[in-house]
Amino acid sequence: MAIGIVSYGAYVPRYRIKIEEIARLWGDNAEALKNGLMVYEKSVPDIDEDAATIAVEAARHAMARSGVDPGRIGAVYTGSESHPYAVKPTSTIVAQAIRATPHMTAADFEFACKAGTAAVQACMGLVGSGMVDLGMAIGADVSQGAPSDALEYTAAAGGVACLIGRKESELAAIIEDTYSFTTDTPDFWRREGMPYPEHGGRFTGEPGYFKHVTNGAKGLMEKLGTKPEDYDYAVFHQPNGKFPSKAAKTLGFTKAQITPGLVVPKIGNTYSGSCLMGIAATLDQAKPGDRIFATAFGSGAGSDAFSITVTDRIEEIRNRAPTVSELIKDPIYIDYARYARHKGKIRLA
Amino acid sequence: MSSVPRFWRNLGSRYNLEGTRCKECGEHFYPPRNVCVNCRREGEIEPYTFTGTGEIVTYTLIHTAAEGFENQSPYTLAIIQLDEGPRLTSQVVGEPEKMHIGMRVRPVFRKLGEDGERGMIYYGTKFVPADA
């Protein structure tokens, strides 16, 4: 029995701030940052957008693409590290907004940047076991970076929803298998009630990102007996442009394989939406029969790797909702003052 | 907007523009009506979900914001005529200088407001220019 992606939908807020503008405020060298991070601008949510509204927009795009009856959805899981409520699920808001309620289960996920793919895996399990017909897995974030912190240059906003199912005629892409690599690694965290996360600086690279991404990717390829050259495309979690490029090279993937899914230079790190955004951008242009290799990473730390094969159905559904490139064209650039206002960094009396 | 039950009762209308329609005369209602204003007891009301596309009938730019909206000013408040007929008042998200009477709009899901830092967050439908 095949399990896979029935439909997908993305959402990216319209506003952008350029690296130069953030660097101007803090007296940093913008050129050095852009070259080092391979990020040139990042998305900024509107004043009235949060992880829930982004999750809803992405899920609605996925529903528009699928054309399925929302009543068939048996589970809605939203992964985020910026859920608007500490207690009260984002997923119930999403489920109500896509009219999937009430005969279904829902819960919120958190695993830094890989909460979205963790939700995909949970839906694969429920769908594969026959417990539910369809499952909606979402990764959405309005991520936070403290003023002047390195994260402020990349912490962005966006989300992607994947409708997971098992009816072969409905699948736009088959997920052949998934594999995870997880350890307790304190590379990044945010304590309850704190507005901004803390990170281990350089520690986040080797022991965090690279160890987990490469082991997760190798683990899945060993399990399936595949090699990098068996895939047409590859997507790796993109906290910046440099990390996924380096991970791809280490593993033996080419620049051509990762380029279609590498959206971080234009929108920044959308956290729980990051790897899924790369998968969505790749699905936007993949042809039937193409194979996609994807590995998400979440600090804390773990990776989820996926091997995906695109089916004929992709051509049918692709244009029923905006593609990632359509979503990110025509941005509105804002200055740091307006960015601070949008992000709630200015407190009114 | 400080009543949790009042908001919860209208979730369907706020999230998905759920209204009603009279099968007899074809008139659409938003917010939903249980009795047709034209046909009275001869009318037959059924649920109807609006597509959400429509146009700006008139609008105003709010500079002196109501409590809880201070962070959003200036913002556009408009009377929107949905394509099926009913008119409603809503915020239109976007650059104020681009707003104009007759502008086509489409719905988006946004935060409508919140009861301070401890209270509930109210979500629902706002509008954006149709080409945005």
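This is a predicted model: local features need pLDDT of at least 70, side-chain atom pairs count only at pLDDT 80 or more; totals for chains, interfaces and linings use all residues.
**Chain A**

In chain A, the domain assignment places residues 4-171 and 317-342 in domain 1 and residues 175-315 in domain 2. The centres of domain 1 and domain 2 of chain A, taken over C-alpha atoms, are separated by 15 Å. Contact between the two involves 50 residues of domain 1 of chain A and 44 residues of domain 2 of chain A.

On the side of domain 1 of chain A that touches domain 2 of chain A, the strands giving two or more residues are β1 (4-11), β3 (41-44), β6 (134-142) and β7 (157-165) of chain A. The helices α2 (30-37), α5 (115-128) and α12 (324-328) of chain A also give two or more residues to this side. The most is given by α5(A), with 6 residues. By class, this side of domain 1 of chain A has 26 nonpolar, 17 polar and 7 charged residues.

**Chain B**

Domain 1 of chain B is assigned residues 1-11 and 52-132, and domain 2 of chain B is assigned residues 18-50. The C-alpha centres of these two domains of chain B lie 24 Å apart. In chain B, 6 residues of domain 1 are in contact with 6 residues of domain 2. The side of domain 1 of chain B that touches domain 2 of chain B has 3 nonpolar, 2 polar and 1 charged residues.

**Domain pairs**

| Domain pair | Distance between C-alpha centres |
|---|---|
| Domain 1 and domain 2 of chain A | 15 Å |
| Domain 1 and domain 2 of chain B | 24 Å |

Terms used:
Residues are numbered from 1 along each chain as its sequence is written. Chains are lettered from A and ligands numbered from 1 in the order in which they are written. Domain bounds come from an automatic or database domain assignment. Two residues are in contact if their C-beta atoms, placed from the backbone, lie within 7 Å. Helices (H or I, at least four residues) and strands (E, at least two) are DSSP runs, numbered from the N terminus. Ala, Val, Leu, Ile, Met, Phe, Trp, Tyr, Cys and Pro count as nonpolar, Asp, Glu, Lys and Arg as charged, and the others, Gly among them, as polar.
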